Each structure stands twice: as C-alpha cells, then as structure tokens.
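Try each task before reading its solution.

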Amino acid sequence: MPEEGSRPGFKATRRGFMGGALAVGGIYLVATFPESRDTSHHGDTSTATDDELRFFSDDEAATVNAVLARLIPGDSGDPGAVEAGVLFYIDHKLAEYEFFAEPTYVRGPFAHESEEPVETDDGEVVVVDPDQLYRYGFQSDMFPREVYRDGLVGLDQYSRSLHGAAFIELEAGQQDQILALLDDIDLSGEPDSDEPPQAVLDQVEAAFGDVDPGGFFFRFRTDAVEGMFSDPKHGGNRDYLGWTLIGYPGARRAWSPEEMMAPGMPRRPQPLDDLPAMHPDKRDNPAGSTLQQARDGVKDG
Amino acid sequence: MITHDPVDIVSIGGGMTATLIAGLALPGTPLRMVSIEQGPAQWTYPDFQHNHDSLEYNNRYKMMQDLSRVSWTWRPNEGSPALPMRQYGSFNPGAGLGGSMVHWTGLTWRFLPTDFNYRTHHEDRYGADRIPDEMTVQDWPVSYEDMEPHYDAFEWDIGVSGQAGNLGGQIIPGGNPFEGQRQRPYPNPPLAPSSFGKLFEEATNSMGYHPFPTPAGILSRGWTDPFGNTRAGCLYCGFCTRYGCEVDAKSSPLTTWLPVALDTGRYEVRTNSVVLSIETDSEGMATGLRYINAKGEEHFQPAELIISSAYTLENIRNLLLARSDAHPDGIGNDRGMVGRNYTYQIAQEPATGLWEGRRFNFYMGNGCTIPQIYDFSGDNFDHSDLDFIGGGRMAPSEGQREPVGSTQDIVNGFTERRWGSDWKRTLGNHWDSVGGIFIEGESPAYAGNFCDLDPRFTDHWGRPLLRITFDWRDNERNLFRYLGNRAQEILAQMNPDRMDVDTELAPYRYDDYQSTHATGGVIMGSDPGNSVTNSYGQVWDTPNVFVTGAALFPQNPGANPTGTVGALAYRTAEAIRDRYFRNPRQLLE
C-alpha cells in the first residue's frame, strides 16, 4: 500500500494498487486482463440501425453529446460533432470492442505516481516521478468502457460539487471551464504546462474516484476527433460533415501529378465504399495478373 | 514437440532481409531455407485491394506487431523505472509476410562516406577532444566504397526513383551533390513533386542550398525489374506509409524477392508462428529454432545456419534470450556487447507555417513526393565553431495527410486549446494550409543508452521484455537548435502568414511517434572487443548465427535506414551463397 501523503496518479489510474478487492496475497489480479490479440475482442457487432445506441444509456448519451458540443461546437449552419453523429461513433466503438480497439499491452504491474518512495510488495506497482510520467505514454489499467461509464459519473459529480447541477444543465461557459481543467490535468507534467492548484485537483479527484480525469478527457477528445474525421461507415462523420469542414474529398484510387500541383479545389467527398474496385475481374485483366498473389511455400506453420 | 527435417538456413521473421537473402542465395544453389514469421500471410491481391481505411491502418495499427503479446519497456536513464509501451508510440514495427518493408514510406538513402568512418573522420578533422567522453561512436567495419556495389544492386533490384547527384565523381545538377560517388543513375526518374515541395525547392534554391527529389523505393513508372517482376507506377493515392500498396508500385519483399525465392521450390515461410528461442548445443553452436505454430503447437526447425532477421529490438532480445551453459548471458554476449550502442533518430518539425487561403493538397502523394536538402547532413557543413557534431536531412512536410490522424494535433501551434470553437475554425480553414520543415537528425551512441532484459515485465509466453534505456544528450539538443534555426530561415523564405517555431529538443518521450528507426544493439565491428558481429552480421562467438538489419549500425546517421539495411543484407547474402557453406561455422574473412 502507498504511504500516506503520496498522491495517486492522475494519468496512471490508482486501481492497480488501491483497490483492496483487487489484491489477493499481494498479487494484483492483472491476470484478469486478456493476454493476447483478444484485447480487441469484438463484443456486440449486431447490425442495429446507425442511430441506435448500443452501449450508452439515453442519459449517458445526453451527457456525451453535451461534451461533444463543446469539443467540436456546431449548429445547423456550421455543423460540429453532435450534428456529425460522433456520439454514435463512440457508442458503436465501445459496443464493438470489449477491451481496446488498438493493440494494447495490458500486463502489470502498473505505474503509480509519487514523489516519495513507496513501500510495496515487490513488483506490485512501478513508482514514477509525477514530472516524468507523461514521457511513458498511456499507462492506465482501465478499459475504455469503464473510463467512459465511470468518467461520465465523475463529470456529473464534479459539476454538482461546483455548480449544484449536472454537466448537461450548465451554461456553455461553465462546461468549457470544466473541460479546460480536465485538459490541463491531462497535460500536467509536460514541459510548459500549468499544474492546476492542489485544492482544485483534490476536488476533481474526489468527484472522479477511480477514474483518471485527465485520461478521461484525453480518451474522449481523441475519440471525438476520430469520429468526426473517419469514414462514415464507422458511425460518425455523417453526411461527410467532418471532411467537408476541412476540405477533404475522401479516399481516391489515384491523383494525377497535375492535380498534385493544382490549387486545391472543393470536391464532393466520397466514402470508402464508393471507391471503384481495383481489379474487378482480375482473371480477365492483364494488369491484374502481374500483381503478387498467394503462392506455394507460404502457409501457416 | 514436432521436429522438422533439417534445412540449410532458418530465419526468425519473413520480412525484408530474410526474403532478400532467400531471393539471392537460393536460385542456382541447392540450399533450402525456412522463415518463421510471427504475422499472417499477406499479398497485394487481394489483401491490399481495399485498404484505404485510415482508422484501421493508421489509428488502429492493422499492419503492426501485436503489442498485447510482445512490447518493450523504456526508461530515460538507469536511475529511473522502466514501463512498457502499452499502446503504440515511438516506433511501429510491422508484422506479417514481408515485414515492415510492406508498410514503409520508401525513402531509400545511401549513408554518406563520412558516416562509415565516423570516429576517424571527426577526430582527424576536429581533434579527438571533439567527441564527448560518453559518446561511444565508432567506425563501421565497411567503407562507403565497400558498400557502393551493394547499394547499387539493391537500388536497381527494387527500382528506386530518383535523381543522381554524383555520377562517378561528376556532380549532376538537380541531384544530391553531397552523396558518395555512384556507378550509375537510379533506374527510374523521380516521383512527381508536390505543391508544398515546390515552395520549399524555390526557397532553398534562392538561399543557395541544394534541393533534390527524394530517392524513393516507389516506382515513378511501370517497370520490369532484373528478376523479371513487372510492376505498375505510383498512383499518388495518399495511402502509403502504414499501408500495403495495391498496385505493387511501392517496393517490398512481395514485389521483389519473394517471387524469386518461392519459385525455387526450396523456400518456405511458416506464418503465424512465433520463435521462442535459438537453441544451442553443448559447444555453444546454434542448432535451430524452437517456435509455436498457428495452432499453438511447439515445433523445432533444425538448420546449419540461423539468421536473426527480425526488427532491431527483437534481434537484440533474440540474442539475449538464447542463454545456455555455453552462453550464460546470451548468444553474442560473451563480452557483454549485446545491447550497447542503441540509437534512435530525431524526427521532428521545429518550424511550422500557416498560409491563409492556400490549399496544398497534402492529402495526395506520399512521403517521397517532396524535395530534400543535405546541406546540413553529417559533416557537410563546417562544425569547427559549433557545439555539436553531426547533422540531419531537412525536408518540407510530406504528402499522405490523412484526416483521421492529422486532425488530432496539426493546428496545435496555432490555437490556445486543442478543442473548442477557435480550434474547430482554425482546423476547418487551415487543415490543408499548414506545413513545416522536417528534420531527421542523427543519434550518436552513448554508454548510458543501451538495451537489456527487463527484470519485471514479460511477454505472452513469459519471456522477459527488452528494456530500452535512452534519452537525448546535449549534442542532439545543440544539433536540433542549430538545424531548427536553419529550418526557421527556410520557412520564413517560404513566406507563410503565421509561424510556430520551437527549436528546443524536448526530452525523449516514449509515446511520440518519431520514426521506426531504432538502431544498434547488435553492432558490427572490426573485432570482438568492439562489436557483436563482423561486417557480415556473423556473430563473433557463435559463427553459425547471423544478424541482419539496423541493429548492426554502430550509430545512427540522420537518414532512413532501409537503403543501408538492404545493401548490408546484399553483402551478407552473397557471402552466405558463395562462401559460408564451403567452410561452415568459420568466420568469414
């Protein structure tokens, strides 16, 4: 157990060493994490309609949209994340992936942020200087489903502790202040970053409990941008609103040297599924026959 | 355990150098070779025909090694704790048939002549005291002249597109005037240029520098290679790095060596199979590879010659894990040299500009449709009054700007926050109007930067992960500041409306992708006291084990490694084919 006075990590969650229920004989149950490719295990891949929620409850979805409306604001004339259906990108991703969508190493021990040496049974946690932890990247022991589910609760609890109302009921300016604070917490420790005052950190931490508030913000913001600008088949970027915003025409099979040098011109975005097939009937296509394809001598061992 | 019939050669990995050696050493000889590849089989047709989904390939690393099974830990110095790379950051090694060269960007450099006699050159020109005490840089055991024929063969076999700059001593306008002498031009003309690249070219020309087109392992036109493989030219589609090419324009093992090797009928790649260890006999010689196949069964493949041809970090670990009574600290490590001279590379844009109302079409093209300058590479500029040695190549922002990856941070220097109305407006107006000057800076070796086995973290099979101890030093910070200031001058000459400049090299961080150019750790040298292998990658203390790839580099110059990895492997392949099997288990002269 950590000594009194050491501050549980913000970027590294404290679940790995705080949760007594997780500890058995000094060994933490990191073995409950899957150990192979199935960290990206597909959960619900049912073909629900695109605007059907598969992970969030209606209340959670309302809060997610309230956050998205501040991260990438919009209205009907200048659409943002809400109009682009980013909620459904995040919802479908969480429904589809029980663990992580990207390859992730999930074996312990996990990092614990402390300026003081921490007494632990050998190997339970790795103690890292708070000023250095940002350099190691993602070190959380929490899966995205838990980060969202518990983080949204934390967000409301913090809103209530500040303003006596849930996040969704706050003025936009109040919402922005909270999100800016979470953003600052995520960046704290990095060069040129400002550490929020300790009293503020304590209040945020009390509201968020086991969830790392900075990590929650980072996950949310990263997913929001992914949902805004990935192909519409993943649930967001509805009507190509993200691509239209930045002037991206979608994937094409080819661009000519002349097009590369020409001044950029607006084009109607097209989705991946509209790409012409590359070699629709390779057998009848002399060009296709030169492409490298399966040969004898390569097979699973 | 299932034991297979012995073969002549078995390799860890079915990537670039393994298939290259098979393609060169098997035709015309009776040799048999097997490669054990951790990833799946993958072919241009049909696997790459519909692979333009950035979310899967860029954000979710579809072609990369499975981090949930094997990762690597890192710490900035010996006094700090090491933690694993839990999600992809600093480098992106590939998995699957053909390895990382299937998803590479294609830049195909020859290192500079002075990169090879690095220590001698710097001591001769600037005095022995210019090299800091902790810096363990050394000369390569090969010279540029030794390497030239192998560079030439590699470039012609993969069909490099580029403009020669030094043809047999004659400087050719429009090429790289700083390159070593080459015996003939590139086989193909340069790729088409980009509009932002043109701006850089004009600016650097006007400043007296020497821009030239990127030498690319991507065909600029339809072409039949010396093996008889016929391939199409680049379509500039904008899905290149981290993707397999759907028209075979990007050179890879699939386009070049695999067909030749497989046509002999004496080459076999066993996919989805993970090597557990290099086995040795009581004398300490290697006997073969133990591996787990796709079904989870344990196999043993005996062979006369074992090649560790995985990614740099796995090559280091393969040797360290091969512990036995004969090699208590691992193969090649009898003198404690494995893991030393681990190096990386600076790959950052210190200066970024924003052009109001301009759209550069950054989403077209690829990482090679841009010009480069070598005026600040290596020792191409006088370091007498500078506080560092070395340099790096400089280039404008490249093509293939994918929305789903680039939008995360591309306007960060131009907004207060990375979200909200101002961020959205700036991104919307300027996503395609922001570009910068990129530096790929060299990474000298230091005694305090090294790799060993992690005492705490293990992989899926319970084996220790490799632990990297690495951080930048003053030499790199000073180099980056100097080159960053030159980058700022070039950017200013390109006349942007706004500039964001930071020439202070931040501490190394494990989560920032810079490049997959991790190098060193199994370095080649002139004798067993300064290296793990001889100039062929043959391990001094276990001569029937060879190592290929960038782990052999004594230190890392400021250029992409693939050209030199290829040239070294050509040299090794020829030695194995023509000489090794005449006197097996003897060190090659």
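**Exercise 1. Salt bridges**

How many salt bridges are there over all chains?

*Solution.* Keep in mind that this is a predicted model. Pair each side-chain nitrogen of Lys or Arg with any carboxyl oxygen of Asp or Glu within 4 Å. Over all chains, the count comes to 44 salt bridges. One pair to look up is Glu226(A) with Lys93(A), whose closest N and O atoms are 3.2 Å apart. This pair links distant parts of the chain, with Glu226(A) in helix α7 of chain A and Lys93(A) in helix α3 of chain A, 133 residues apart.

**Exercise 2. Helices α3 and α7 of chain A**

Find the angle at which α3(A) and α7(A) pack, and list the residues that make the contact.

*Solution.* Start with the axes: helix α3 (residues 86-96) and helix α7 (residues 213-229) of chain A lie 8 Å apart, at an angle of about 115°. The helices are therefore roughly perpendicular. Next comes the handedness, and here α3(A) passes α7(A) in a right-handed crossing. Now list the residues: α3(A) brings Val86(A), Tyr89(A), Ile90(A) and Lys93(A), while α7(A) brings Arg219(A), Phe220(A), Asp223(A), Ala224(A), Glu226(A), Gly227(A) and Met228(A). Sorted by kind, the residues of this contact are six nonpolar, one polar and four charged.

**Exercise 3. Helices α5 and α7 of chain A**

*Solution.* On the α5(A) side you will find Leu179(A), Leu182(A), Asp183(A), Ile185(A) and Asp186(A). They meet Pro213(A), Gly214(A), Gly215(A), Phe216(A), Phe217(A) and Phe218(A) in α7(A). The residues of this contact divide into seven nonpolar, two polar and two charged.

**Exercise 4. The interface of chains A and B**

Describe the interface between chain B and chain A by its residues, its buried area and its salt bridges.

*Solution.* Count residues to begin with: 92 of chain B are in contact with 95 of chain A. For the area, recall that the size of an interface is often given as the accessible area lost when the parts come together. Chain B and chain A bury about 8,200 Å² between them, and 56% of it is on carbon and sulfur atoms. Finish with the charged pairs: there are ten salt bridges between the two chains. Among them is Arg417(B) with Asp184(A), where the closest N and O atoms are 3.1 Å apart.

Note on methods:
Residues are numbered from 1 along each chain as its sequence is written. Chains are lettered from A and ligands numbered from 1 in the order in which they are written. This is a predicted model: local features need pLDDT of at least 70, side-chain atom pairs count only at pLDDT 80 or more; totals for chains, interfaces and linings use all residues. Side-chain values use heavy atoms; hydrogens and water are left out. Axes are lines fitted to C-alpha atoms, for helices over the stretch in contact, and angles run from 0 to 180 degrees between N-to-C directions. Helices (H or I, at least four residues) and strands (E, at least two) are DSSP runs, numbered from the N terminus. Angles under 35 degrees count as roughly parallel, over 145 as roughly antiparallel, 65 to 115 as roughly perpendicular and the rest as oblique. A crossing is left-handed if the near helix is turned anticlockwise from the far one by less than a right angle, and right-handed if clockwise. Contact means heavy atoms within 4.5 Å. Ala, Val, Leu, Ile, Met, Phe, Trp, Tyr, Cys and Pro count as nonpolar, Asp, Glu, Lys and Arg as charged, and the others, Gly among them, as polar. Buried area is the accessible area (1.4 Å probe) that two parts lose on being put together, summed over both.
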